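Good morning. I will go through one model today, piece by piece, and I will keep to what can be read from it.

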Amino acid sequence: MPGPLATEEAAAAAVVAQKAPSKPAVDEEGRAGDDVEEGEDATEEKGADGQKSAKKKKKKKGKKAGGAQQQEQQQQQEEEGAGGAAANGEATKGEGAAEGGAEGESGEGGAEGAVEATATKKKRKPRKKSGAGAGAAANGEAANGEAAAAAAAAAGAAVAAPPSAAAAGPKVQTDPPSVPVKDLFPDGLFPQAEICDYKDDNLWRKTSAEKREQERLEFPIVNDLRQAAEVHRQVRMYMRRVIKPGMLMTDLCETLEDTVRRLIAANGLQAGIAFPTGCSLNWVAAHWTPNSGDKTVLQYDDVMKLDFGTHIGGRIVDSAFTVAFNPQYDQLLEAVREATNTGVRECGIDVRLCDVGCAIQEVMESYEVTINGKTYPVKAIRNLNGHSIGPYQIHAGKSVPIVKGGEATRMEEGELFAIETFGSTGKGYVREDLECSHYMKNFDVGHVPLRLPRAKQLLATIDRNFGTLAFCRRYLDRLGETKYLMALKNLCDAGVVQPHPPLCETKGSYVAQFEHTLVLRPTCKEVLSRGEDF
């Protein structure tokens, strides 16, 4: 235990430590705050030593000093209430001496330290601070140190933060595709497709302020179409990589449809598949998809038309392409692809539909194809057409012929068209044949009384899941419907549902198809389904 001399030296050291001004270095991120805490710890240790040595010899003086110190503490508390954190910051410096006086056990060193601390508190004026401590200048020097320490801790935490805490970059598509397209574009703006300016009398639309404003108002519709088109592009690019001879047609269709559902984030009638996947082979031109239990296998010498659609809020994108593994069919595919591109170029506001058909036929029938040593002229199938598209309506009323001599009806601003062409090595004419797989509720049908309860139940399922969009028997199976063929026939006989059997050319011939969807915007034409593949 130290003697009286040590006690007096400790008290003197405490007074010097209290008088020494604190110098928080704001630029060194909290180092000054650490120095203040170390000074306080030293003061507390030395004050404790003074208290123990003065206990036995100077109790009376300690009590008197304690009484005086209590008065000074009360005064300090009043000043703290008026001055805020500034008084708290200064009072902390005399903490060791104040505790000794309050308990009545400290010696002269404790009392002198408290008096000296009070005098220092009254004379000192708050200094102006810069940098991180500027906002805390009114809170006293101790508060400045704490603020600097907090700033340093925050800076350290920011530096030490793991990479996952940083802002994540844009998502990328997986292989096979599984990320919804809307997650790839978090801003909700989907990529613009091919833009074509109008010609001749419609050139003024590009610079018209009125048409630009009209286009701005219609942007949400076009943006939905772009989302559906982006899904279509990504799905067909993936399917081109995975389609191989020897695949079951059922597996092929289900792979494609499941991919569409993932990428479009299928949600009932708000987003999903627009119609069943058409995978017609060879002489079957359109409207064929395998029913449940079908064991058809894709062969190397087959010509397959892959036709599928996507929709967002009923805004449909319809596009198709042809897959052939044998290079002897390349000329047939090229003829139909170029005919489709010609039809897309000819479309525009106020263009007559018959003029589009005439241009398509001229290009398509300029080609010949040699298959198995025999040369065939490529013929446009005259009773198959492109069509306009409406909300939840794949065939909206206007037909775009692919031969000359069609209607003189004109295309109009804001309309959505599917330009599709079919080229054949047969007669150039199709008929309904084979087992039906495609069905669609009539768009304009009203209330029709039904007698069969099972037919009513099936109609409710169709309304809830498809509305007026096309569906197939596989889709009903997927929903858990069983033993529905009689009810489905009853709905067809009543005119509520329209069957769409496969459309077939002459047996032994080959048919190719290409299709694009375009929208006639007020200022330009946008080919929505255009991609790197075609």
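Where is the place of D350? D350 sits in the loop between α12 (330-346) and α13 (353-364). Keep in mind throughout that this is a predicted model.

I start with this residue for its backbone. D350 is not a glycine, and yet its phi is positive, about 75°. Most residues other than glycine have a negative phi, and most peptide bonds are trans.

Another aspartate belongs here. D200 has a positive phi as well, near 55°, and is again a residue other than glycine. Look for D200 in the loop between β1 (194-196) and α9 (209-217). Is D200 buried or exposed? Its relative accessibility is 63%, so D200 counts as exposed.

D175 and P176 are joined by a cis peptide bond, with omega about 5°. P176 lies in a loop too, the one between α7 (140-160) and α8 (181-184).

Part of α12 is buried: L332, L333, A335, V336, A339, T340, N341, T342, G343 and V344. These buried residues pack against β5, α13, β6 (368-371), β11 (416-424), β17 (511-520) and β18 (525-527). Take N341 as one of them. With 14% relative accessibility, N341 counts as buried, because the cut-off for buried is under 20%. Setting aside neighbours within four places in sequence, N341 is in contact with H516 and R530.

Next, the strands. How many residues of β4 (303-312) are buried? The count is 10 of its 10 residues. In a regular strand the side chains alternate between the two faces of the sheet. In β4, V303, K305, D307, G309 and H311 point one way, while M304, L306, F308, T310 and I312 point the other way. All of these are buried, on either side.

β4 has partners. Strand β2 (271-281) pairs with β4 in the antiparallel sense, over eight bridges. In that pairing G278 stands opposite D307. Strand β5 (315-324) also runs antiparallel to β4, and 10 bridges join them. There H311 has I316 as its bridge partner. β4 and β5 form a hairpin with two residues between the strands, and in it G313 takes a positive phi near 60°.

In which order do its strands come? The order is β14-β13-β15, in an open sheet of three strands with antiparallel pairing. β14 (471-472) and β15 (497-500) are the edge strands, each pairing on one side only. Between β13 (438-441) and β15 there are four bridges, running antiparallel. Y439 and P499 are bridge partners there. Helix α16 packs on this sheet and touches β13, β14 and β15, with its direction at about 105° to that of β15.

α16 (485-493) also packs against helix α14 (453-465): the angle is about 80° and the axes are 9 Å apart. That angle makes α14 roughly perpendicular to α16, because angles of 65 to 115 degrees count that way. From α14 the contact is made by R454, A455, L458, L459 and I462, and from α16 by A487, L488, N490 and L491. Sorted by class, these are seven nonpolar, one polar and one charged residues.

One more residue and I am done. L503 is in strand β16 (503-504). L503 counts as buried, because its relative accessibility is 15%. How far apart are L503 and W288? They are 215 residues apart in sequence and 7.8 Å apart in space, from C-alpha to C-alpha. Not counting residues up to four places away in sequence, L503 touches W283, V284, A285, A286, H287, L384, V430, R431 and E432.

That is the list. Questions, please.

Conventions. Residues numbered from 1 in each chain as written. Predicted model: local features only at pLDDT ≥ 70, side-chain atom pairs only at ≥ 80, totals over all residues. Heavy atoms only, no water. Buried < 20%, exposed > 50% of the residue type's maximum accessible area, 1.4 Å probe, protein only. Axes fitted to C-alpha atoms, helices over the stretch in contact; angles between N-to-C directions. Parallel < 35°, antiparallel > 145°, perpendicular 65-115°, else oblique. Contact = heavy atoms within 4.5 Å. Nonpolar A, V, L, I, M, F, W, Y, C, P; charged D, E, K, R; others polar. Pairing = 2+ DSSP bridges.
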